[in-house]
Amino acid sequence: MNKTEEEVLEQFQALKPQLEKWGNIVDIYLVEGLLQDMVDEHLIKIYPSFRIKEDKSYLFKALYRKKNYTNPIENIEDKIGTRIVVLKSDDIKIVQQRILEANAWESKLTKNIDQEIEDKPNIFDYQSSHVVVKPLENDNRFPREVINSLTCEIQIRTLLQHAFAEVSHDSTYKGPYKNDKEILRRLAKAMALMEAT
């Protein structure tokens with residue numbers, strides 16, 4: 001490991017206790033506050049359960065994905081990830097809107113399913129809505145100097161979209177078949193069928 005890698009990784013590892021704290025706060029607020037009625041009505045099919053990005057994955061994204069991050073610890077927004085899985089596409093919009101309108105954090109929409117379908121109507125690929133949340137500037141549960149680094153990406157998707165993501169993530173997105181055209185075509189056909197369903 002070279003000096004740059006060591007420095008980037010050391011900064012990330014030092015932040016992990018605060019990331020874990022923020023991930024817990026986000027998950028609890030989603031289930032027990034923001035989406036309580038949807039939980040009660042069994043509209044949430046898989047509850048959020050945050051994870052912190054693995055060191056190797058963080059290092060690769062920070063230095064080798066040609067993103068040219070000037071400050072990876074702040075620029076990489078999915079250091080924490082959590083997901084909410086619902087049954088119907090309409091529920092995605094409800095969850096997304098509630099997250100964006102909540103006063104508990106600063107939020108921004110970073111991946112919009114509707115916009116992607118509008119922009120690329122003939123592409124059938126991974127679908128998920130992504131909203132990034134971070135603590136408010138005056139949140140005294142965290143040291144002020146780390147607030148901008150505590151970003152959590154909330155992925156919102158349907159059960160079928162989740163199944164597709166699970167199958168495709170390890171095999172084609174990060175896996176050994178990312179350049180296999182036959183498998184990519186089969187996955188696109190499966191996604192088209194799922195969307196029609």
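Residues are numbered from 1 along each chain as its sequence is written, and side-chain values use heavy atoms, with hydrogens and water left out. In this predicted model, local features need pLDDT of at least 70 and side-chain atom pairs count only at pLDDT 80 or more, whereas totals for chains, interfaces and linings use all residues.

The protein chain contains eight helices and six strands, where helices (H or I, at least four residues) and strands (E, at least two) are DSSP runs numbered from the N terminus. Along the sequence, these elements follow the pattern α-α-β-β-α-α-β-α-β-α-β-β-α-α. Of the 197 residues in the protein chain, 40% are buried; buried means under 20% relative accessible area, exposed over 50%, and partly exposed in between (1.4 Å probe, protein chains only). Among contacts (heavy atoms within 4.5 Å) with a separation of 6 or more, 70% are between residues 24 or more positions apart. The accessible surface of the protein chain is about 11,600 Å², and carbon and sulfur atoms contribute 49% of this area. Accessible areas come from the Shrake-Rupley method with a 1.4 Å probe; for residues, only the protein chains shown count as cover.

Helix H3 comprises residues 55-64, and its buried residues include Ser57, Tyr58, Leu59, Lys61 and Ala62. The buried residues of H3 pack against helix H1 (3-34) and helix H4 (72-75). Just after H3, Lys66 adopts a positive phi of about 55°.

Side chains of opposite charge can pair when their charged atoms come close. A salt bridge is defined here as a side-chain nitrogen of Lys or Arg within 4 Å of a carboxyl oxygen of Asp or Glu, and nine salt bridges are counted by this rule. One of them joins Lys61 and Asp78, with an N to O distance of 3.0 Å. This pair links distant parts of the chain, since Lys61 belongs to helix H3 and Asp78 to the loop between H4 and E3, 17 residues apart. Lys61 is buried because its relative accessible area is 13%, and Asp78 is likewise buried, at 10%. Lys61 and Asp78 are also linked with Lys53 in a network of salt bridges.

A further salt bridge is formed by Lys108 and Glu77, whose closest N and O atoms are 2.5 Å apart. Here, too, distant parts of the chain are linked: Lys108 is in strand E4 (residues 106-111) and Glu77 in the loop between H4 and E3, 31 residues apart. Lys108 counts as partly exposed because its relative accessible area is 42%; Glu77 is partly exposed at 23%. Within helix H1, Glu7 and Lys3 lie four residues apart, about one turn of the helix, and form a salt bridge with closest N and O atoms 3.3 Å apart.

Glu153, in strand E6 (residues 152-158), is buried yet has no salt bridge. Its nearest side chain of opposite charge, Arg51, is 5.4 Å away; Lys and Arg count as positive and Asp and Glu as negative, while His and the chain ends are not counted. The residues touched by Glu153, not counting those up to four places away in sequence, include Glu77, Asp78 and His130.
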